[in-house]
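Here are my notes on the model, point by point. They cover the DNA surface and then the contact between the protein chains.

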Number of protein chains: 2
Amino acid sequence: MTVTIKDVAEKAGVSTKTVSRVMNGEAHVRTALRETVMRVVEELGYRPNAFARSLSSARSYLLGMLLDDPAWSGYAAGMQRGALMRCREKHYHLVVEPVDSGVGGWEEELMASIASLRLDGAILTPPLCRLSPLLDRLEAINLPYVRISPGEDESRSGLVDIDEEGAAFAMTEHLISLGHRDIGFIEGIPSHAATPKRRAGFLSAMHRAGVPVGADRIVPGDFTFKGGIEGGEALLRHAKRPTAIFASNDDMALGVSAAAAKLEIAVPSQLAIAGFDDGPTARVAWPPITTIRQPVGEMAAAAVDILIDPAYRDAPGDRRFHRELPYELIIRGSTTAPSA
Amino acid sequence: MTVTIKDVAEKAGVSTKTVSRVMNGEAHVRTALRETVMRVVEELGYRPNAFARSLSSARSYLLGMLLDDPAWSGYAAGMQRGALMRCREKHYHLVVEPVDSGVGGWEEELMASIASLRLDGAILTPPLCRLSPLLDRLEAINLPYVRISPGEDESRSGLVDIDEEGAAFAMTEHLISLGHRDIGFIEGIPSHAATPKRRAGFLSAMHRAGVPVGADRIVPGDFTFKGGIEGGEALLRHAKRPTAIFASNDDMALGVSAAAAKLEIAVPSQLAIAGFDDGPTARVAWPPITTIRQPVGEMAAAAVDILIDPAYRDAPGDRRFHRELPYELIIRGSTTAPSA
DNA sequence: ATGAAAGCGCTAACAT
DNA sequence: ATGTTAGCGCTTTCAT
């Protein structure tokens with residue numbers, strides 16, 4: 001059979017409680033004893049049973065990541081990877097809970113899963129983090145959660161985000177500084193908090209540069225490649241087309257790139273293209289996409305840190321549990337000065 | 001406090017064992033009683049504690065997915081998604097265990113994690129599924145596992161794969177049927193079992209068509225975009241360059257596409273490009289890449305099915321636990337007939 | 001068909 | 001600094 005705490009205690013000639021203390025790195029154990037116990041643990045290959053521990057201690061050492069990303073994009077994958085790595089470091093485990101909010105009954109299923117696993121906390125990614133009824137339910141069962149880029153109700157919980165508006169502003173300034181004045185913009189899906197912020201950043205940079213933005217220069221989008229093709233075509237079919245297009249994420253930027261190829265418009269010489277996210281797809285393109293690097297892995301890791309901070313339960317709305325991580329403007333081949 | 005089985009038993013006027021029977025869908029409970037219990041469960045919002053159940057029953061209802069994919073490509077994400085969905089359906093949970101086999105000590109960490117979670121089974125993805133010492137250790141602790149595309153030691157465990165060689169053969173035939181005779185091939189990373197199989201499929205199709213393959217037409221690769229650029233450049237810098245290039249995966253195919261753009265070779269008119277996998281990147285390209293669809297999600301789901309089959313433990317090597325799923329040739333815009 | 005009692009392996013609370 | 005006791009919430013015998 002598997003080795004239990006009793007076996008270790010017996011062989012080491014101590015009580016199970018002492019073994020428990022050693023395993024959990026608690027104080028009040030003499031070094032000599034601690035070492036004896038450690039040795040026996042090694043010898044026997046003892047691994048504490050996570051279930052027994054959770055059952056008696058109310059802590060599960062399990063964190064959940066709630067994802068609603070039908071496309072399972074690089075964004076979600078990066079988040080997950082970042083959270084996973086930090087969890088591993090801290091001796092927690094991560095349970096990923098994919099959710100399809102398009103289908104009925106998901107909320108019940110999710111709550112059942114959460115309750116039966118007795119999660120210690122949950123990370124909510126966009127657009128889930130804006131579902132107020134979901135937040136209500138999590139609060140009702142007293143489950144601490146941290147939101148990634150929620151964009152509203154800031155004081156309701158810990159959160160991690162970047163300065164979306166500032167980043168969009170910076171990207172727009174980059175395009176303007178290259179000499180572009182007629183710039184098209186493709187929006188994201190409205191359910192994401194980032195959508196209005198990125199647009200606002202774009203508009204305010206244009207405004208500040210004193211460049212008017214025609215209503216036909218802003219088109220809707222949905223964060224997908226296909227949406228980018230459509231948005232790109234809409235912008236490029238004008239008799240007088242923009243010299244640059246700023247898409248609200250990388251996948252749409254690639255769509256614009258495809259639309260340009262179709263219409264035989266050369267990138268970047270005849271059209272500059274910018275994206276947002278710096279996901280895996282941004283690098284797998286030619287020319288590579290100029291974009292905003294959003295440190296998704298670190299954002300998820302920060303969320304884990306907040307969740308496992310013992311102080312978090314008591315003051316989830318406290319400002320010290322709000323992290324704004326730095327973005328980075330990544331200039332690649334898709335943006336150059338407009339040809340005269 | 002949270003509702004326990006005792007609360008339900010009390011309110012329903014039955015023993016805890018009866019509630020347990022109802023919750024687990026066991027026989028020997030009168031319909032009337034069953035319904036009463038169900039009603040009380042609803043009313044109280046009772047959720048069984050997964051830890052308590054696991055502690056007393058030896059089953060954890062937890063499956064692990066072991067991943068060693070530094071790029072965290074679409075392949076890994078698709079696998080995970082497929083496994084996750086099937087687990088949800090079957091009331092299991094999935095714990096993802098990323099592994100960086102480049103770093104020392106990963107094996108100990110992994111084993112500790114597995115042991116403490118008392119996993120019911122594990123899914124091994126490439127290239128981990130070929131690490132014989134790891135398989136030895138899993139067998140030593142008696143943990144059932146299923147491998148995805150292991151390519152060797154077939155009788156050692158259940159496995160799920162596709163006909164890699166047949167798929168590469170089909171792709172090559174497609175290119176030949178379009179009229180290509182001078183075709184370049186970029187290999188995958190040697191640690192993956194798929195690498196030699198895809199090459200073999202390519203070679204045998206060429207051979208069958210009676211087309212000789214020059215040694216300089218096969219170049220090494222590593223499944224990355226960058227590797228694809230390099231491989232593509234190597235093939236395209238020849239005075240007489242191939243009219244088509246078949247890359248062992250999509251990311252490399254995109255790299256070839258980028259290399260062609262750099263060298264101002266038009267795709268598909270001057271160069272046809274084919275990939276393999278049909279990952280998310282294949283569609284986010286222009287022209288979209290002709291490729292082989294590998295049903296990664298279904299493969300992972302099949303692995304879950306095998307693991308939770310009660311008969312699997314007793315005969316893991318049995319042929320009925322080997323699944324070969326169908327691939328599909330997806331013809332997109334990147335392959336057309338060579339221009340005369 | 002249903003129930004009573006005895007753990008599963010660990011930790012919290014309380015000794016000592 | 002270390003040990004003892006009593007559960008955590010469920011399932012497993014084994015009765016009835």
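1. H4(B) gives the most to the surface near DNA strand D, with four residues. Here a residue is near a strand if one of its heavy atoms lies within 4 Å of it. Helices are DSSP runs of H or I with at least four residues, strands are E runs of at least two, and both are numbered from the N terminus. Helix H2 (16-23) and helix H4 (50-57) of chain A, with helix H2 (16-23) and H4 of chain B, each supply at least two residues of this surface.

2. This is a predicted model: local features need pLDDT of at least 70, side-chain atom pairs count only at pLDDT 80 or more, and totals for chains, interfaces and linings use all residues. Residues are numbered from 1 along each chain as its sequence is written, chains are lettered from A and ligands numbered from 1 in the order written, and side-chain values use heavy atoms, with hydrogens and water left out.

3. Which residues come nearest to DNA strand D? Of the 24 around it, they are Thr18(A), His28(A), Arg30(A), Ile5(B) and Lys17(B). The residues of this surface divide into eight nonpolar, ten polar and six charged. Nonpolar covers Ala, Val, Leu, Ile, Met, Phe, Trp, Tyr, Cys and Pro; charged covers Asp, Glu, Lys and Arg; the others, Gly among them, are polar.

4. Of the atoms of DNA strand D within 4 Å of the protein, 70% belong to sugar or phosphate. The rest belong to bases.

5. Now the protein interface. The contact (heavy atoms within 4.5 Å) takes 44 residues from chain B and 44 residues from chain A. The buried area is about 4400 Å², and carbon and sulfur atoms give 65% of that. Buried area is the accessible area (1.4 Å probe) that two parts lose on being put together, summed over both. In chain B, Phe51(B), Arg88(B) and Trp286(B) lose the most area to chain A, together 18% of what that side buries.

6. The rule finds six salt bridges across the interface of chain B and chain A. Each is a side-chain nitrogen of Lys or Arg within 4 Å of a carboxyl oxygen of Asp or Glu. Arg88(A) pairs in this way with Glu109(B), the closest N and O atoms being 3.5 Å apart.
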